[in-house]
Amino acid sequence: MLHNDVAGIARAAEVLRDGGLLALPTETVYGLAADARNGAAVARIFAAKGRPTFNPLIVHVVSLETAEELVEVNAQAHALAKAFWPGPMTLVLPSKGRVADLISGGLDTLAVRVPAHPLARAVLGAFGGPVAAPSANPSGQISPTMAAHVVAGLGSAVEAVLDGGACGVGLESTILAPSEGGVRLLREGGVSREAVEAVVGPVVADLTPGRIEAPGQMERHYAPRTQVVLGSVATPGDVMIGFGAVGGDFTLSERGDLVEAAERLFATLHAADTLALTRGAQVIRVAEVPEVGLGRAINDRLRRAAR
Ligand code: TXA
Ligand code: MG
């Protein structure tokens with residue numbers, strides 16, 4: 001475990017330079033990072049997660065200018081970058097072929113993001129290159145929002161975990177594919193659809209699981225070991241996760257706040273799974289949240305966890 005200090009950041013950059021795997025905090029979730037130009041290091045990401053190689057990775061860079069070295073940035077993408085970078089938004093754009101081929105799994109596009117988390121930015125700065133990073137969880141399981149989640153899920157598969165405490169946004173980035181013809185929404189996430197539409201006008205949602213544009217939008221995902229069922233009425237014995245007026249063993253937000261619910265979502269699923277296994281509960285029941293703003297992304301994750 002590396003600490004949030006000068007030595008920790010220097011060591012983190014060294015792990016990347018040596019072709020190793022580094023778990024690092026971002027404002028969304030912890031990422032499993034490797035040097036994006038090092039094919040062998042990138043291959044280790046897929047192996048560590050048990051991730052199919054047709055599911056491409058997001059590349060993290062320090063700035064829009066750096067992103068422009070890797071992808072063709074059109075006018076729509078520029079507007080989005082100005083509005084939401086650094087932050088929880090990923091843009092899928094035509095690739096210039098400057099990173100390891102394996103990252104995009106044979107697509108001619110590349111997903112890029114400029115994270116806002118100060119530690120992620122410090123590591124990117126110290127390393128000085130593009131960093132490929134999916135969420136730092138075994139493929140299909142709950143995303144990590146704390147260093148301890150990474151250690152529990154991936155443990156010895158990573159050289160180092162940089163501890164940045166709990167992630168502030170708590171949901172993965174919103175993925176957009178902007179082109180002159182319009183902006184497609186490939187994954188709901190930390191920037192709400194409403195906020196995106198305020199910048200570029202109506203988006204076309206392209207979220208159908210199975211018809212995979214963002215292949216990570218696979219049906220079962222974000223899943224605890226225990227069966228998740230959506231609903232606000234628990235059967236005795238269930239572990240219940242409430243929201244607002246709906247109470248339970250846990251609440252995503254007692255005051256019905258979607259930002260707080262997003263921040264707590266994955267940690268609550270992790271904790272509910274532990275409780276369910278301890279108690280011998282067969283079901284984790286989760287109240288859905290209002291389908292507005294970050295609520296769309298929260299419900300998206302809950303529905304995939306429940307498949
Ligand atoms: O917030 C986040 O985005 C976090 C942090 C670590 O940055 N990362 C993350 O990565 O959620 P991951 O691998 O769990 O999800 C990446 C998603 C997948 O659904 C993948 O299919 C999609 O991005 N993706 C990556 N490259 C793509 C491309 N060229 N075209 C379409 N979708 C792409
Ligand atoms: Mg993921």
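Q: How far apart are the centres of domain 1 and domain 2?
A: In this predicted model, the centres of domain 1 and domain 2, taken over C-alpha atoms, are separated by 26 Å; domain 1 covers 6-205 and domain 2 covers 227-306.

Q: How many residues of domain 1 and domain 2 are in contact, and what area do they bury between them?
A: Contact joins 19 residues of domain 1 to 14 residues of domain 2, and about 1400 Å² is buried between the two domains, with 61% of it on carbon and sulfur atoms. Of the area that domain 1 buries against domain 2, 39% is supplied by Ile-142, Leu-171 and Glu-188, more than by any other three residues.

Q: What makes the meeting of the Glu-172 and Arg-301 side chains a salt bridge?
A: The criterion asks for a side-chain nitrogen of Lys or Arg within 4 Å of a carboxyl oxygen of Asp or Glu, and the N to O distance between Arg-301 and Glu-172 is 3.0 Å, so the pair qualifies as a salt bridge. Across the interface of domain 1 and domain 2, the rule finds two salt bridges and six residue pairs in polar contact.

Q: Why is Asp-35 called buried?
A: Asp-35 has a relative accessible area of 10%, and since buried means under 20%, Asp-35 is therefore classed as buried. This residue is found in strand E2, and its contacts beyond four places in sequence include Leu-16, Phe-127 and Pro-130.

Q: What does the side chain of Asp-35 reach at 2.9 Å?
A: The side chain of Asp-35 reaches the backbone nitrogen of Arg-37 at that distance, 2.9 Å, which lies within the 3.5 Å cut-off for a polar contact.

How values were computed:
Residues are numbered from 1 along each chain as its sequence is written. Chains are lettered from A and ligands numbered from 1 in the order in which they are written. This is a predicted model: local features need pLDDT of at least 70, side-chain atom pairs count only at pLDDT 80 or more; totals for chains, interfaces and linings use all residues. Side-chain values use heavy atoms; hydrogens and water are left out. Domain bounds come from an automatic or database domain assignment. Contact means heavy atoms within 4.5 Å. Buried area is the accessible area (1.4 Å probe) that two parts lose on being put together, summed over both. A polar contact is a pair of N or O atoms within 3.5 Å; within protein, one must be able to donate a hydrogen and the other to accept it, and residues adjacent in sequence count only if both atoms are side-chain atoms. Helices (H or I, at least four residues) and strands (E, at least two) are DSSP runs, numbered from the N terminus. Buried means under 20% relative accessible area, exposed over 50%, partly exposed in between (1.4 Å probe, protein chains only).
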